[in-house]
Amino acid sequence: MATRATKKTVKKAAAKAVKAVKKVVRKEESAPAAVKLPALHESTTSSGLKVLAAQRGVLPLVAVRLVLRAGSSVDPADKHGLSDFTARLLRRGTAKMSADELDETIEFVGASFSVGSSEDVLSLFVATPAEHFPEMLSVLGQLVREPSFPEREVELARERALAGFVNDLDDPSVVADRAFVRALWGDHPYGHDVGGSKAHVRTFTREDLVRFHRERMGPRVALLSVVGAVSPDVVAREAEKAFAGWEGGPEAPVELPPADMKTSGRIILVDKPEQTQTQVRIGGPGFRVGHADYFPAAAMNNVLGGGFTSRLVNEIRVERGLTYGIHSYFEMMNAGGVFGISTFTQTDKTREMIDVTLAEVAKVRAKGITPAELKKAQRYLAGLYPLRTETNESVASVISDIRVHGLGDDWVEKFRERLMEVKPKQTLEVAGKYLFSQPPLIVLVGKASEVKKQLTGLGPVTVVPASDYE
Amino acid sequence: MPKAPANSAVRKADPVLQSLFDVQEATLPNGLRVRLLANHDTPVVSLYTFFQVGSRNERPGITGISHLFEHMMFNGAKKYGPKKFDQVLESNGGRSNAYTSTDMTVYYEDFASDALETVLDLESDRMRSLRIDDDALESERQVVMEERRVRVDNDITGTMDEELGTLIWKAHAYRWPVIGWEKDIANITRKDCEDYFRTYYAPNNAVLYICGDIDPKKTLALVRRYYGDIPKGPSPVPVLNAEPVQKGERRAEVRHPAQSPALMLAWHGPAARDEDTLVLDIIQYALTKGEGSRLVKKLVYETQLAVSVMVDWGWRVDPGAIIVYLELKQDSDPRKVEEALYAELARVATEGLTERELQKAKNNLRADHLRELATNSGRAHAMGHYEVLLGSWRDGLTLPSVYAAATNERVKAVAAKYFSPERRSVVTLIPTPDKTTDEAADGAADGKDAE
């Protein structure tokens, strides 16, 4: 293979260059070495699909991500889970190939296709050996252009999904997450699990999928990113071949109503009587992706419950041994976001866990974090940031996110600079805004008969059976 | 037992892999082995420390000590006291974690390349002079109990897996769970921990792997400076594999509140170093890798007996087990599913795979192998993994050539040898009714008829 000899040389040359640069940087001051994306090459297919290509890496591999702005938030009101379900059925048959033929074509060469569903977008991921990139891109084109949704495949997938919902009830953390999403967002398009529910999925028909594909999935709400051992010219050429003639879908992404979260100190207690442990979720409103509060909030959250030395981990795990894991997070979506805390503890410690957690949150809300803590968080987040551009897959993800959410093409390059500029005062401001200034929603999954009596004085409690979350 | 490879002639290093692994190696006078691999693509470094100890080195009464001890390694040493390890690491742009398995205990850090010296200082401090005090031990014991509750007692697959281990192994330490038995965890003493540390955390029982934005020569000098004065420890007692030959199928039931039945099965397999191991990799891929694989197609798509099927052929130092897990439908009859599974396995033993299936498995093994090596962390981990299990990280470079040379005759022979009823253990999950609290039942009558 000629490519091998070439790559070896390139690698050595690159290595030398980086070393030389680093020496200079270190002499000046300890500013972090620059993190840069590989050069991005843009093109548009005749069908209107935008394409981003970035050539990189020494391994003969390519990662592809096709993003469609057709996530679970555009599920019809009585068909929760349809977006995810439709995306998963794409590879169960096209105009030219049966499910078996597709499986064989993809899997024989060692490639893999997968689906990622979120509230805002659907992502189709392809990982392939570089020599099979054209063939795999052609398959991806078929999947989105001409899926056939065979009746029998739809039926089988529906049966499997329904069986899956039943078995999910055995996983307390899945039940907790579902209950949390539903209670937090209510009737908002974000208020259901991306996979839907048993009652809705049960009604899915082939026609539902055909309609969703026709109305929601099209080139004008899509973005293709290709990263790895392939030249931008080849990417543009093969994308044209693979996606020529792709039609349908909306002109522009659907605008969602703004978030209107009602948390008000409610407690949902989901009963799973065989549990010896309680799953705990606490949350309230956060902010949308790309919001100006991102950097101060990221730094503040790292101190509160992000890293392994956070205040929550220290108080709950290290000092009290109440749990194996606790973390807080900001979840950011297009129309709004969540600030949440996720953990678990043994049944009889449930109240203590909640009290200690809320007390830690209240401390940060009132007094913020110290300058030393802020500095630590900044160095931590900045030091590890380069890992987000380490693989073809992660580069493909970050470049699509930048475009889909309008973060700006200098997002990666400026990330650490913006993070380092955060001042203590800003972290106090975001803490005041997001750390439960209104009483949060609390979701508990565990043995209700033991847990309920511990909750006196905490807020109104509703006890529900786990089967509500099938 | 390890034996001379039957077809060692085919073992040669893969050229793509070899070009990635331009590794500098050294052994310090105290026995610490060091492997350094430069990669300047991004300004980050991964450091892995592999200790050759796991639940395999334990004995009844202190099961779980390897894992509990892994937690204790984060609770302070002489220079960097309690909580300091992660505080110092994180404030220098790094993160850490660790895991324990039956055969190894592994610590790793990813960090900005200018934190290298600090990380070596931190890691060598805890290898040299870990502090084991009673308060930290008590607190960490509670954390591990909570981890046990989440992984085993409140997780059906965890419960089944624990049952299966005791069926497969009668004498070998693989019999108990890595996390340990609850009462053993409660009874481990500070003295147990101190003895354990002296023996298994000595430099001569460890290997460092440093991959990323480093200068290998300077890095080796730093390693010598920080680790050079740590004294050598006693040689660990070799683990005796006293496992008797299994004489027939072993079965157990787990009765637990659950929605659907499930099956977890195992067959006694070979040790990682055995050539059969790689043929079993191929069989595993043919059985469950991808939608078109044999078991997924047969059990999930065609007969629809199962919701999912998974094969776990995990390499181990001593002879391990090939484990199959089947998540069933509510009305599936586990016995029928077993029969369908055995028929598929018998088909591999008698007919082998098609040439295309064989090639497909090889293509996928290669692609996955390459993907694993895409990051510094992946490369460092792969080296450590191969060194513990195969004896040398270099053996990892030759795997593609061994896979490529595997024939259908070998596939048939290996399937016939291992998938026999005499090597089999079966755990069936029998769902028992869930006694819902009265109040919840009253409060949601409409939720109930969803059943």
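**Entry 1: the cores.** I looked for nonpolar cores first, meaning sets of buried Ala, Val, Leu, Ile, Met, Phe, Trp, Tyr and Cys residues joined through C-beta atoms within 7 Å. Buried here means that 20 or more other C-beta atoms lie within 10 Å of a residue's own, exposed means 12 or fewer, and partly exposed is in between, with C-beta atoms placed from the backbone. The largest core has 209 residues, and Leu140(A), Ala179(A) and Val270(A) have the most contacts inside it. Helix α6 of chain A (residues 172-185) gives this core its largest share, 8 residues. I also found a second, separate core of 60 residues, with Leu164(B), Tyr174(B), Tyr285(B) and Leu295(B) among them.

**Entry 2: ground rules.** This is a predicted model, where local features need pLDDT of at least 70 and side-chain atom pairs count only at pLDDT 80 or more, while totals for chains, interfaces and linings use all residues. Residues are numbered from 1 along each chain as its sequence is written, and chains are lettered from A and ligands numbered from 1 in the order in which they are written.

**Entry 3: Leu140(A).** Which residues does Leu140(A) touch? Leaving out residues up to four places away in sequence, I got Val64(A), Leu66(A), Leu124(A), Val126(A) and Ala242(A). A contact is two C-beta atoms, placed from the backbone, within 7 Å.

**Entry 4: helix α8 of chain A.** Helices are DSSP runs of H or I with at least four residues, strands are runs of E with at least two, and both are numbered from the N terminus. In α8(A), residues 206-216, I noted Leu209(A), Phe212(A), His213(A) and Arg216(A) as buried. They sit on the same side of α8(A) because they cover an arc of only 100° around the axis, taken from the directions from the helix axis to the C-beta atoms. An α-helix has 3.6 residues a turn, so residues three or four places apart point the same way. Glu207(A) and Arg214(A) are exposed, on the face turned away from the buried side. The buried residues of α8(A) pack against α2 (82-89) and α5 (151-168) of chain A.

**Entry 5: chain B.** I counted 18 helices and 11 strands in chain B. Its C-alpha trace spans about 65 × 65 × 45 Å along the principal axes. Of its 451 residues, 52% count as buried.
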